[in-house]
Amino acid sequence: MPKVSAKDTKKSAGVQAAAKKRAKKDPNKPKRALSAYMFFVQDYRERIKAENPDATFGDVGKLLGIKWKEMNAGEKKPYEDKAKADKDRADKENAVYKGNAKAAKAAAKQQALAADDDSEEEESD
DNA sequence: TAGGTGATTGTTGGT
DNA sequence: ACCAACAATCACCTA
């Protein structure tokens, strides 16, 4: 089993004035595709708060998670669809990022390995 | 090649 | 500005 669950979400954060948590390694990585849960939250967030005005982050999160699990594939479908749509968008950004970071990544790998071989590849573009 | 871990995404409210 | 549980996911690296 790869991982039990999202138990330890926190580690040694170091991002103070960047974005959220953990400093990203890549300089210009396009925000990945949001998960169906992300869209589900955005939509249900209001509902949960409406039915649970007292529910705070933790409470809402719990309820949201429970609801999500109770939801059927058909219910998640629209959310997954959004996730897929976002993936499509992210895919494009990712493609651009790759095209740009391709050389950088290759160089980084060489540096990381610090190999003595001469595996230099030129970008014709 | 296959497996695994870390990094990322979004919410609100408090410190 | 960051962190907290919740779930997904997936890109990247290592053996």
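**Stop 1: the H1–H2 pair**

Select H1 and H2: they pack at about 120°, with axes 10 Å apart. That angle makes H1 oblique to H2, as angles under 35 degrees count as roughly parallel, over 145 as roughly antiparallel, 65 to 115 as roughly perpendicular and the rest as oblique. Axes here are lines fitted to C-alpha atoms, for helices over the stretch in contact, and angles run from 0 to 180 degrees between N-to-C directions. Helices are DSSP runs (H or I, at least four residues; strands are E, at least two), numbered from the N terminus.

Before going on: this is a predicted model, where local features need pLDDT of at least 70, side-chain atom pairs count only at pLDDT 80 or more, and totals for chains, interfaces and linings use all residues. Residues are numbered from 1 along each chain as its sequence is written, while chains are lettered from A and ligands numbered from 1 in the order in which they are written.

Now show the side chains between the two helices. From H1 come Tyr37, Phe40, Val41, Tyr44, Ile48 and Lys49, which meet Val60, Leu63, Leu64, Lys67 and Trp68 of H2. Contact means C-beta atoms, placed from the backbone, within 7 Å.

**Stop 2: the loop**

Next, pick Asn52, in the loop between H1 and helix H2 (57–70). Beyond four places in sequence, Asn52 touches Asp59, Val60 and Leu63. Draw a C-alpha to C-alpha line from Asn52 to Glu70: 18 Å in space, for 18 residues in sequence.

**Stop 3: the core**

Select Ala36, Phe40, Tyr44, Tyr79 and Ala83, the 5 residues of the largest nonpolar core. Such a core is a set of buried Ala, Val, Leu, Ile, Met, Phe, Trp, Tyr and Cys residues joined through C-beta atoms within 7 Å. Helix H1 (36–51) and helix H3 (73–113) each give two or more residues to this core, and H1 gives the most, with 3. Zoom in on Ala36: leaving aside neighbours within four places in sequence, Ala36 contacts Lys76, Tyr79, Glu80 and Ala83.

**Stop 4: the annotated stretch**

Finally, colour residues 30–98, which an unreviewed UniProt entry annotates as "domain: HMG box". Over residues 30–98 the chain is 81% helix and 0% strand, with the end C-alpha atoms 10 Å apart. UniProt positions follow the numbering used here, feature names are shortened, and annotations may be inferred rather than shown by experiment.

Conventions: A residue is buried if 20 or more other C-beta atoms lie within 10 Å of its own, exposed if 12 or fewer, and partly exposed in between; C-beta atoms are placed from the backbone.
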